[in-house]
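Here's a walk through the model, to be read with the structure open beside it.

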Amino acid sequence: MTLIDRQHFEPEAHDIGKLLDLQETELGRIIKVNNHVFLAPDGKPLDFRAHALNPPAETNVTWLAALLHHRPRTQSDVREKVSEEEEEYRSKAEECADLNLASDIPFEQRSTVFLMILADHLGSATSRTISGRVKRQVQLALRQKTGRTESKALNYPRQLQKLWNKSKQIGPKVSFCNKKELQSLLDYVTGDRREFLTRYEDSLKSLPEDKFPLMNLTSLYIHCELVGKIYRLMDKYVERVPEHRQLGLGGVKIGTVADAERNWPVTIVRCEIVSPHQPVRIRDFNGTRLRNEAIKSICSDPQIRDHILLNTSDTLWFLFPGNDHQKLRMDLTRFLKSFCDLGFIPQLLSFNCKLGEVENVDPALLLAHKAEELNDAAIQWQKVRNQGDGRSIGQARGRYHAISSEISRMFPAHIGSDSSVRHQSEIEPPICEICQMAPGEEQTYREEETQVVDYLCRSCLFIRNSGERFRKLAAWGQDNVKVAWIRVLLDKRQMEDRVAELYSLHADEIFKHRTEMADEVKRQFRNLGLLADFVKDYFDFVRNFASEVFSLYGGTSDDSASHRANVELLDEEFLELFVLRIQQPGVVAGILRTFVNLHQSAESGFPDCVGNSPVKLRISISRPKYPFFEHWNFLKNNEGFLKLQVPGSVYLRLDQAEYDTLLTCEIERSVAGSLLHRLLAIESRTHSRLLVRAELAPQPGEPQMLKEFKHRLLRMDSTSALPIEKVLSYAKILDL
Amino acid sequence: MPPLDGPSLICIGERVKKGTYRPCIETVPFSTISGALRQYYSRTDITAVGFFVGELEKIRVENSAHNRATEAADLPLTTEVLVNPRGKVYVLIKKDDFHLENVLDSQKDILLCLGALKSKGFGRCRLQKVSEKVVTDPESEKRVGELKTRIPEGKSELFGIGTKDILKPVYGYMFQSTSLTDGVYVRSLFEGSIVRGYEFLVKGIM
């Protein structure tokens with residue numbers, strides 16, 4: 001294949017056949033249902049010309065990949081147990097998956113499809129890891145569950161399902177159901193334009209990667225995006241050996257897809273961009289903006305972007321084919337230079353595995369397992385030492401050291417520490433007050449009344465001085481107003497755990513009476529696609545939340561959010577943190593309500609995460625001049641679903657159930673104030689809930705509103721023991 | 001432990017922020033506990049590390065200092081302090097040329113002053129010797145985990161954390177005095193570093 005062919009090859013379009021609607025449509029009559037590699041109903045390759053369709057040329061590699069990236073199912077396939085009517089024939093697909101077989105397809109093209117197959121497997125969320133046996137069991141389980149006939153049960157449910165939002169009805173938005181529309185797809189492949197993801201974005205986002213139940217959990221868009229990245233990486237790293245009909249990676253030469261998955265090494269690196277900065281002034285927060293810009297920059301760099309499987313606002317997951325540690329270190333140093341220059345510390349955790357063993361993208365989990373193994377090995381070593389058996393001691397020691405060096409390899413050498421002024425062995429005082437990692441220089445702020453002196457290093461000073469000053473906040477400082485610092489955050493560790501948990505619950509739901517089958521499915525869980533989907537949904541959620549808050553409380557605006565009178569954005573594109581001027585009572589309660597409603601909404605929320613959600617809200621309310629670092633200390637904390645503070649007055653931490661309970665109380669501040677203070681005094685002095693209930697007994701002559709409020713509190717007390725302190729704190733924020 | 005005659009308020013570490021605020025760290029670094037013990041015993045060869053255990057209660061204390069030079073009040077300083085924290089301290093008694101058995105054999109309470117603002121009455125605490133631990137087989141008594149304290153890099157070897165045992169460092173700097181009036185910041189391993197160290201100094205990952 002020439003260089004031009006490779007440039008024109010678009011791996012993302014390999015699943016173009018999944019865009020077709022074959023359920024009782026014109027295309028469904030000429031193309032076999034439940035296949036996306038253009039097979040006729042008899043399982044043989046579709047004769048396009050016979051149906052007056054004009055397919056792309058045989059030399060078009062994108063088209064070849066779309067046709068041949070799946071191995072056909074045959075009756076001889078023991079693993080799949082394919083029935084006669086399900087049997088499929090496409091010998092060329094077999095030739096692409098096994099380079100040892102004779103074929104009339106040029107080696108370059110075969111090897112491209114070969115790599116495409118590998119990328120497709122690696123980029124799949126769960127589907128390729130689930131065996132045919134399990135698939136049959138899923139069908140059986142669903143048939144029992146739904147009581148449907150076999151053919152209908154096989155089709156249940158075929159639409160995309162989000163684990164964290166199962167109630168959401170997603171698509172499918174497919175408009176390719178007749179020959180004319182199919183021809184438009186074929187013409188796209190024939191043409192020169194390479195814009196599959198953007199042109200078909202809506203359809204791709206509304207379709208599942210695999211329509212089979214239990215595997216319809218990630219969108220086709222995410223799958224195609226990942227496959228495109230992985231293919232390009234493989235293409236870059238893999239050595240082609242046409243004379244031996246082999247491909248090589250990391251010195252391992254193979255000829256079949258199965259061998260590649262068994263033997264080819266890959267390295268996955270999780271990189272958390274940690275800030276040593278403890279922001280003191282609000283302008284120190286420019287560092288977050290600069291970090292976002294740097295992340296965006298490397299995610300769009302053609303040399304780097306394919307290595308990045310997914311990213312949040314501070315963590316990147318990299319994939320490197322092969323296991324060349326020297327090259328890995330050089331690449332990472334180059335990729336992460338912009339972060340190191342800004343003074344950030346990339347904390348790296350990597351692991352090597354074989355291509356077919358990438359079951360979980362999170363090396364932290366692997367590290368925990370390895371640490372556990374090492375501890376066991378140490379105990380075993382000590383035990384045999386006490387017993388004095390020389391041979392066993394040698395074995396135990398060997399095992400211990402093997403695991404130990406395996407763990408050491410998981411931490412690539414500290415990137416950025418060699419040439420940087422940071423991490424020098426000694427620093428003469430003064431040290432930088434913000435990062436405390438480099439020598440500080442005196443900075444006097446004469447514009448301030450107090451003429452405060454700070455000692456900052458160059459990098460922290462650069463961060464402080466880059467970007468605009470926050471003029472709106474400064475202006476609000478002259479008025480007698482309050483501002484709310486609002487932050488939405490994603491707890492990455494909790495996200496990973498929660499996604500795995502939701503998958504596990506989903507498997508249990510499908511295999512209600514077959515626990516061993518459910519366990520097998522759980523063992524084969526792969527979280528890459530699901531995490532990528534979750535992160536995308538999170539950013540959509542943040543955008544929706546911010547725009548709703550801006551439209552409700554942001555004040556008038558001509559155009560963008562930054563021009564709204566009551567909103568101070570720290571960064572136009574970083575909507576996870578912003579400041580809102582509070583101009584009327586009820587704003588804070590309104591923001592809480594907006595967040596919770598949006599979080600529970602089937603449209604763009606995470607209703608199935610309720611109770612243990614990794615998406616959280618923090619609100620810190622004060623006068624505009626209140627020290628920023630006090631806010632930041634509160635806002636950066638990951639623990640708790642809803643947290644709110646008014647320094648010196650209110651500290652409130654709520655989970656979803658507690659918030660719902662508070663809503664049922666329908667607290668009226670004017671009625672509740674003194675009663676709640678009294679109840680709190682009783683509770684804190686006596687620690688008795690009984691006395692609190694006694695105080696809630698209606699008294700003769702009380703206003704009706706107070707009686708009703710007491711009644712609601714009593715009802716609340718009988719259903720949940722919410723501390724009175726929380727009720728009072730919530731009542732206090734109703735005035736804000 | 002807090003002293004018997006009253007509460008203990010301890011403020012350790014962290015530089016003052018914006019001239020008005022001093023946060024407090026949540027561990028007992030090498031320099032703090034070693035310095036306190038050295039002062040108590042008037043020796044320079046004591047090395048120790050420690051960490052707090054249990055739930056920590058933090059409060060803020062306002063302190064308005066008086067500037068004698070200008071005869072005016074300075075900006076009030078807000079200090080974060082831990083209230084009655086309890087912790088564990090490990091003192092190196094014997095290793096190579098270290099021999100402190102005779103010095104630290106007392107079963108009596110040791111009254112120490114830890115951390116900052118001692119002149120304002122902060123930092124009073126009581127140390128009680130509980131037991132002596134003999135490490136017979138260093139390699140097999142080590143575990144991989146997160147470091148619970150702060151140790152200067154050059155001193156970590158004393159507590160069984162050699163260069164090869166530092167798997168993922170979290171670096172920071174600790175002040176080390178070089179004379180009565182001077183000192184430098186030395187590179188140190190901070191809590192959260194992943195190391196292979198003695199079980200009592202590390203906690204499990206995740």
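Six strands of chain A make an open sheet, ordered E14-E15-E13-E16-E17-E18, with mixed pairing. Strands here are DSSP E runs of at least two residues and helices are H or I runs of at least four, both numbered from the N terminus; two strands pair if DSSP finds at least two bridges between them. At the edges sit strand E14 (567-569) and strand E18 (650-654) of chain A, each pairing on one side only. From one strand to the next, the twist averages 15 degrees.

This is a predicted model, so to speak of local features takes pLDDT of at least 70, side-chain atom pairs count only at pLDDT 80 or more, and totals for chains, interfaces and linings use all residues. Residues are numbered from 1 along each chain as its sequence is written, while chains are lettered from A and ligands numbered from 1 in the order in which they are written.

Look for Glu568(A), which stands opposite Val579(A) in E15(A). Helix H23 (residues 587-600) of chain A packs on this sheet, touching strand E13 (482-490), E15, strand E16 (615-622) and strand E17 (642-646) of chain A. The direction of H23(A) makes about 175 degrees with that of E16(A). Helix H29 (residues 724-733) of chain A lies across E17 and E18 of chain A, at about 115 degrees to E18(A). Those angles run from 0 to 180 degrees between N-to-C directions, with axes fitted to C-alpha atoms, for helices over the stretch in contact.

Now for where chain A meets chain B. The contact takes 34 residues from chain A and 26 residues from chain B, where two residues are in contact if their C-beta atoms, placed from the backbone, lie within 7 Å. On the chain A side, H16(A) gives the most, with ten residues. Strand pairing crosses between the chains too: E10(A) and strand E18 (residues 183-189) of chain B pair in the antiparallel sense over two bridges. Ile427(A) has Tyr185(B) as its bridge partner in E18(B).

Over in chain B, take helix H1 (residues 30-41). Its twelve residues should span 16 Å at 1.5 Å a residue, and its end C-alpha atoms are 16 Å apart, which agrees; the expected span is 1.5 Å times one less than the number of residues. After H1(B) comes Ser42(B), with a positive phi near 55 degrees.
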